[in-house]
Amino acid sequence: MTKERKTNKHEKAGAPPDAPLNPMGEEETADQPQTPGANGAQTYAEQEPGNPWADRLDKAEAEREEYLNLAQRVQADFDNFRRRNQSVRAEATQDGANNVLTQLLPVLDNLERAIEAAAAQGEQGTSLGSGVELILRQLRDAMGKFGVAEINRVGEKFDPNLENAVMQADADSGEPGTVCEVFQKGYKTESKVLRYAMVKVVVG
């Protein structure tokens, strides 16, 4: 008597007996959708050509570059403004100092005249004459700290950038075109002539 072989549900469905089963006891078919796992497979959103997250990322990167360029331009403009402001402030300070020094020149002239008058009257060694000399020396020292220098170019070639020729002298007074006498002293700083010297120039 032959034994009848029991058939399972795979055989009833026409599937081969060695077909794999899933954990639920059902057969996996080729057309069953696969869920992306941790094996580096792309997600459904990445596979879609119109991914909204990718568009947002591109837009954010573009805005970041725009804001970065704007910040760099603002920083450069501020640096330029700061340098210009420092230059203007330094020039204004120097101009103010030059104006004050120019106003002090007549005082310097009068002190020198006072000393010359005291010497002519024989009072140079008196207490009054010594006091005037002390004041003159202090004033010169104070102005010297601001770079004030006297323009004294007797015997040198006349320079219109430093002197004003108000008289002419004969050729016997010296070399032609040179300064032979100073009527009023001139003063200058490193950057500006505070007062041009009034001189006599030899004709040449």
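Strand β6 (residues 197-202) is largely enclosed by the rest of the structure, because five of its six residues are buried, where buried means under 20% relative accessible area, exposed over 50% and partly exposed in between, with a 1.4 Å probe and protein chains only. Strands here are DSSP runs of E with at least two residues, helices are runs of H or I with at least four, and both are numbered from the N terminus. The model is a predicted one, in which local features need pLDDT of at least 70 and side-chain atom pairs count only at pLDDT 80 or more, while totals for chains, interfaces and linings use all residues. Residues are numbered from 1 along each chain as its sequence is written, and side-chain values use heavy atoms, with hydrogens and water left out.

The surroundings of β6 come into view through its pairing, which requires that DSSP find at least two bridges between two strands. With strand β2 (residues 163-169), β6 pairs in the parallel sense over six bridges; Ala 165 has Val 199 as its bridge partner in β6, and Ala 169 stands opposite Val 202. Strand β3 (residues 179-184) runs antiparallel to β6 and is joined to it by four bridges, with Val 179 partnered by Val 201.

Turning to the nonpolar cores, each is a set of buried Ala, Val, Leu, Ile, Met, Phe, Trp, Tyr and Cys residues joined through side-chain atoms within 4.5 Å. The largest has twelve residues, among them Leu 101, Ile 115, Leu 139, Met 143 and Tyr 187. Helices α3 (52-120) and α4 (127-144) are the elements that give two or more residues to this core, and α3 supplies the largest share, five residues. Leaving aside residues up to four places away in sequence, Leu 139 touches Leu 104, Val 107, Leu 108 and Leu 111, contact meaning heavy atoms within 4.5 Å. A second, separate core of seven residues includes Leu 162, Val 179, Val 193 and Val 199.
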